[in-house]
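Let's take a friendly walk through one protein chain, piece by piece. Have the sequence and the 3D view ready as you read.

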Amino acid sequence: IEGKRLAISEWPIANPDNPEYAYRADYVLFDGLSPVCIIEAKKPTVSTQNVLVQAKDYAKLFSSASVFNFQGYKVPFLYACNGETIWFQDVR
């Protein structure tokens, strides 16, 4: 929605290996129609450093009308958190 900033949970991400089964990003933050951030949230026993790789994969697979393309990444800001630790990467 143009002019709105939204956080949407369980955003579907295309799965190239199985088009019938979409991946789901835990949260995607939008500025209007542009996706600006993917957040992967896990339980405290999961290492956030490894989960950041999952967010990077989703940023490359993002198929909605993203205006961004930073060397294949269609979402510029990536986060992984587990309730105790937060990892962040700016892929611009």
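Glu10 is partly exposed, with a relative accessible area of 42%. Here, buried means under 20% relative accessible area, exposed means over 50%, and partly exposed is in between, using a 1.4 Å probe and protein chains only. Glu10 is found in strand 1, and its phi is positive, about 55°, although Glu10 is not a glycine. Most residues other than glycine have a negative phi. Helices (H or I, at least four residues) and strands (E, at least two) are DSSP runs, numbered from the N terminus.

Gln71 is another non-glycine residue with a positive phi, of about 50°. Where is Gln71? It lies in the loop between helix 1 and strand 4. Gln71 counts as exposed, at 77% relative accessibility.

## What kind of model this is

This is a predicted model, in which local features need pLDDT of at least 70, side-chain atom pairs count only at pLDDT 80 or more, and totals for chains, interfaces and linings use all residues. Residues are numbered from 1 along each chain as its sequence is written, and side-chain values use heavy atoms, with hydrogens and water left out.

The pLDDT is the predictor's confidence in each residue, from 0 to 100. For this chain the mean pLDDT is 90, and 96% of its residues reach 70 or more. Among the elements of the chain, strand 4 has the highest mean pLDDT (96) and helix 1 the lowest (91).

How many strands form the open sheet? There are 5 strands, in the order 1-2-3-4-5, and the pairing is mixed. The edge strands are strand 1 (5–13) and strand 5, each pairing on one side only. Neighbouring strands of this sheet are turned by 25° against each other on average, direction ignored; the axes behind such angles are lines fitted to C-alpha atoms, for helices over the stretch in contact, and angles run from 0 to 180 degrees between N-to-C directions.

Strands of a sheet pair through backbone hydrogen bonds, either parallel or antiparallel. Two strands count as paired if DSSP finds at least two bridges between them. Strand 2 and strand 3 pair in the antiparallel sense over 5 bridges, and Phe30 stands opposite Pro35 in strand 3. These two strands form a hairpin with 2 residues between them, where Gly32 in the turn has a positive phi of about 65°.

Strand 3 (residues 34–41) pairs with strand 4 in the parallel sense over 5 bridges. Along this pairing, Cys37 stands opposite Phe77, and Ala41 stands opposite Cys81. Strand 3 is mostly covered, with 6 of its 8 residues buried.

Strand 4 and strand 5 form a hairpin with 4 residues between them, and Gly83 in the turn has a positive phi of about 90°.

Is Asp26 buried or exposed? Asp26, which lies in strand 2, counts as buried at 14% relative accessibility. Leaving aside neighbours within four places in sequence, Asp26 is in contact (heavy atoms within 4.5 Å) with Ile8, Ser9, Glu10, Ile39, Glu40, Ala41 and Lys42.

Which residues of helix 1 are buried? They are Thr48, Val51, Leu52, Ala55, Tyr58 and Ala59. The buried residues of helix 1 pack against strand 1, strand 2, strand 3, strand 4 and strand 5.
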